[in-house]
Amino acid sequence: ENHEHQRIVAACLVKAAYVLEGDRREGRSGEDQLAPPWWEFFGFELISTLVNLESSLSSFSIGAVFRLKAASGTSPFAPAMVIAVRGTIDHHDWGVNVDTLLGRGRQRHSCRIVMEKAESLVREHGMESNLWLCGHSLGATVATFVGDQMAKKGCFFTTFLFNPPYILNRRSKDGFIQKLDDIMQAAGGLVGALM
């Protein structure tokens, strides 16, 4: 019932998504994994990891899906399922960041992966289920897009966004690019004058 408690749980599940990717990269498995305490403490279990297969050379996790173990006897405010999406870690994510900054993030694989999972959860649990969608940074942008698209279909997720980036619309993007060009010209002129 307490919104602050819900926010804390959502933040820990997003942290779990980050740590899951760290475990994967470091080759930690079984008892060596660092991620499970982030969800187990709150009574969740990991259902699946959301993996981006954008490149044939590598894959990386962008988030995870969690289920509350004792959902039947808990508060009506407790989530049945949670999709948690992490933010930027390294160069794999920067292409998505640039696309997001320029307003092109919707075509990226991460959004499609999370959208497909959200649609799957609604089919499996119904539109009336308490489903959560949460994300940090780039993950918050993905969660915003998916939540918006699902709401247009009449499916409303409880959504927790942590430090979402600012998305440029067409007018502000054009102004941003013009200012960036002006700065680059001024810097080039300054460098030329110093030489």
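What share of the contacts in the protein with a separation of 6 or more comes from residues 24 or more positions apart? The share is 67%, where a contact means heavy atoms within 4.5 Å.

This is a predicted model, in which local features need pLDDT of at least 70, side-chain atom pairs count only at pLDDT 80 or more, and totals for chains, interfaces and linings use all residues. Residues are numbered from 1 along each chain as its sequence is written, and side-chain values use heavy atoms, leaving out hydrogens and water.

Start with the overall layout. The protein has six helices and five strands. These are DSSP runs numbered from the N terminus: helices are H or I with at least four residues, strands are E with at least two. From the N terminus the order is α-α-β-β-β-α-α-β-α-β-α. Of the 195 residues, 40% count as buried. Buried means under 20% relative accessible area, exposed means over 50%, and partly exposed lies in between (1.4 Å probe, protein chains only).

Now turn to helix H4. H4 covers residues 109–125, 17 residues in total. Its first and last C-alpha atoms are 24 Å apart, close to the 24 Å expected at 1.5 Å a residue; the expected span is 1.5 Å times one less than the number of residues. Its buried residues include Ile-113, Val-114, Met-115, Leu-121 and Val-122. The buried residues of H4 pack against strands E1 (44–52), E2 (60–68), E3 (81–85) and E4 (131–136), and against helix H5 (138–152). Just after H4, Gly-126 takes a positive phi of about 90 degrees.

The structure holds seven. Glu-119 pairs with Lys-153, with the closest N and O atoms 2.4 Å apart. This pair links distant parts of the chain: Glu-119 sits in H4, Lys-153 in the loop between H5 and strand E5 (158–162), 34 residues apart. Glu-119 is partly exposed at 22%, and Lys-153 is partly exposed at 46%.

Other bridges lie within a single helix. In H5, Asp-148 and Lys-152 are four residues apart, so about one helical turn separates them. Their side chains meet at 3.4 Å, N to O. Asp-148 is partly exposed at 34%; Lys-152 is exposed at 61%.

Glu-21 is buried at 0%, whereas Arg-24 is partly exposed at 43%. Glu-21, Arg-24 and Arg-25 are linked in a network of salt bridges.

Technical notes
Salt bridge = Lys/Arg side-chain N within 4 Å of Asp/Glu carboxyl O.
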